Structures are given as structure tokens and as C-alpha cells.
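Subject: Structure handover

Hello,

Here is the structure for you to take over. My notes follow below it.

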Amino acid sequence: MSDPHVLILTGAGDAHAERVADLLTGRGARVTVFDPADFPVSATVELRHGPGADGRRLRLWPESMLDLDALTALWWRRPSPPSPHPELRDPAVAAYAAQECQTLLAGLWEGMTCRQLPARESVFRRAGHKSLQLAQAAALGFAVPDTVITTDPQAFLDFHDRHDGRIITKPLHVPFVDGVGGDLYVHRLCDPVSPRDVAYAGGLRFCPVIVQEYVPKRVELRVTVVGRRVFAAEIHSQRTNRTGLDWRRYDTARTPHRPHELPGEVAARCLALMDRLDLAYGAIDLILTPEGRHVFLEINPNGQWLWIEDLTGLPISRAVCDYLLNGG
């Protein structure tokens, strides 16, 4: 059997990819890193179909041609979309060409038969839908917050009244608003609903939002699953005001992070959720309430883990390396 060859799709400066790539090469694997943003300017793709002629090749200048069918694993990490060739001056033509390049690459990765992490792109894109995640988690026995996802102002107001105003909102997908010319930048995470928000409830008709009951926290849990291995960390987000509502506002100097041992049935539900969503990797966010309930919030099929590893010593990068080499 030939030596393992792993293709990592990501942009420059990805510390997660760099750490895993070092582990892979240390174990004798060949590693190629490719950012689709370099296509088609400094890379070419060739797909062949027909009787006895199927094949996929990628040339990275000035490197040699890669036989994509000979890869043993593909890691869809954090790639950038293809960039239009600078010789295309017309914006409409450039946008069309970039979309065609994106469509070509999406089909290319989808058709590959090697091991893929976290899954084929179509699979983990589907798994990223928060409404699907909540439905699957509830079906598996997880406690989930009372939730409404809506564009109906009255539904929002009714939900607000039912929970005496103790509710939060968060986006379905896009966590930021970036205005044209840099005039506006808003980072949307988990936010409490204020009286001002209630007064402007009519704006919901323009854009959907996730609305959930506020769930009290003892700690928040980040559960990173790689293959069949489960790594849980407790984030003591209630220690500081900055992270009290959402640990993703990051105050790591004053927010302890520690390894956490999940009860067996909760760990089993995490693995069952991965199976339901057909994922080999996922970062699951849970709340551990003061009463000891584990409440499911969401799963990120391509979430970060390096800060958890550095603060807790959990060997997540090694597990990613193991999966890319051996699966399981």
C-alpha cells in the first residue's frame, strides 16, 4: 500500500491545519495544502469522464500534478472561495467565472472516494442547519431550549410574554454584518432581548431569527467529537460578565477551561447525533444547568478546537491526525 497522502483545503495562516499537518508528516504522511482562492489563477483542474477514462487531477503551480484519486484523505478545513482571474475586467463576467469555478470544485470534492473530514461538503452543509440539529437532538433525548425560529413579529411577542422576557436571540447562520466600504461591522452572537428589541419587533418580517428561552448555566460545555472519540471541556463562563451569556466573547485569562467527564448516556447521545448527521467531526455546545441537566444548543460541523486543546491538554489534534490516517 502506498504512503498516505492527505489534502487539506484551507487558507493561509490556519494554525489548526498547521498543527495537524506537522503531526501527519511526523507519521510519514504526505500533506498537500490547497486554498481554492488560488484557483484558477495559480492552479488548474482536470476531470475526465468516459469509458475507461475517469480521473481527477489538480495542478498547483509550480508543484507537480496531483492525482486526486490517489489521495487517502481530504480535510475540508477552512478554504476560501475561488477568486476570479484578474484579467477578467467586467464585474459580471468575473462573478460568473468565479461561480463556475466554485461549482466545479464543489462537484470535484463531492465525487472523491477517499476518507473526508468532517464529511462531504453537501453533508456537513446540511448538518449545519440549526433547526435540523435541534430536531435531531430532541429526538435522541437531549433537553433543548424552548425555541421559535420566525419572521412573524406576533409569534416573537407571544414567545416573549410566555417566558416573561427572559429570552435570547441568535442568528441562523451568518454571525456578522459587514457593510459596504467598511462603514458597518456587527458581530451577532447570543444576545438578550431588551425592551428596545421588543419595540422594533416589526423588523422581523425582513429577516428570520432564532429566539430561545434563557437557560441558566453552571458551566458551558464544548464537546469535540472526532470519529468515535469524545473530548469534553467545561468553560466556566459565569466567572465574568463578558462571557456570562456567551463564552464566544472570549475572556480566557479569567475564564477557566477544564477537562470534563460526560455522563455515559450524554456521551452516547453525542455520538448518536454525529451518526444521525453523518459527520466524522463536530463541535457540540451544551449547557450544564445548576440542577445538573445537559441542554443541547448546537453543533458546528467545522468548529475550532485549538484553544481548548491548549488550555486543557485534550489531545484533539492528535485525534484529527489519527482519523485522517486511519479513520475510526
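Which residue is the bridge partner of Lys 170 in β13? Ile 210 takes that place. The strands involved are β9 (residues 167-170) and β13 (residues 209-213), which pair antiparallel over four bridges. Strands here are DSSP runs of E with at least two residues, and helices are runs of H or I with at least four, all numbered from the N terminus. Two strands pair if DSSP finds at least two bridges between them.

Before the rest, the ground rules. This is a predicted model, where local features need pLDDT of at least 70, side-chain atom pairs count only at pLDDT 80 or more, and totals for chains, interfaces and linings use all residues. Residues are numbered from 1 along each chain as its sequence is written, and side-chain values use heavy atoms, with hydrogens and water left out.

Confidence and overall numbers

The chain's mean pLDDT (the predictor's confidence in each residue, from 0 to 100) is 89. Of its residues, 88% reach 70 or more. Confidence is lowest in strand β11 (residues 185-187), with a mean of 53. It is highest in helix α7 (residues 264-277), at 98.

The chain has nine helices and 18 strands. It has 328 residues, and 47% of them count as buried. Buried means under 20% relative accessible area, exposed means over 50%, and partly exposed lies in between (1.4 Å probe, protein chains only). The chain exposes about 16400 Å², with 52% supplied by carbon and sulfur atoms. Those areas come from the Shrake-Rupley method with a 1.4 Å probe; for residues, only the protein chains shown count as cover. For contacts (heavy atoms within 4.5 Å) between residues at least 6 apart in sequence, 67% join residues at least 24 apart.

The open sheet

β9 and β13 belong to an open sheet of four strands. The order is β8-β13-β9-β12, and the pairing is antiparallel. β8 (147-150) and β12 (191-192) are at the edges with a single partner strand each, so one side of each has no neighbour in the sheet.

Strand β14

β14 (residues 219-226) is mostly covered, with eight of its eight residues buried. In a regular strand, side chains alternate between the two faces of the sheet. Both faces of β14 are covered. Val 219, Leu 221, Val 223 and Val 225 are buried on one side. Glu 220, Arg 222, Thr 224 and Val 226 are buried on the other.

β14 pairs with β17 (residues 281-288) in the antiparallel sense over eight bridges. There, Val 225 stands opposite Gly 282. Seven bridges join β14 to β15 (residues 229-235), also antiparallel. Glu 220 has Ile 235 of β15 as its bridge partner. β14 and β15 form a hairpin with two residues between them. Gly 227, in the turn, has a positive phi of about 60 degrees.

Two residues to look at

His 16 is in helix α1 (residues 15-26). Its relative accessibility is 7%, so His 16 counts as buried. Beyond its neighbours within four places in sequence, His 16 contacts Trp 75, Arg 77, Gln 304, Trp 305 and Leu 306. A polar atom of the His 16 side chain lies 3.1 Å from the backbone nitrogen of Trp 305.

Arg 59 is in strand β4 (residues 55-60). Arg 59 is partly exposed, at 25% relative accessible area. Outside four places in sequence, its contacts are Ser 42, Ala 43, Thr 44, Ser 64 and Met 65. Val 45 is 14 residues from Arg 59 in sequence and 6.4 Å away in space, C-alpha to C-alpha.

Best wishes

Notes
A polar contact is a pair of N or O atoms within 3.5 Å; within protein, one must be able to donate a hydrogen and the other to accept it, and residues adjacent in sequence count only if both atoms are side-chain atoms.
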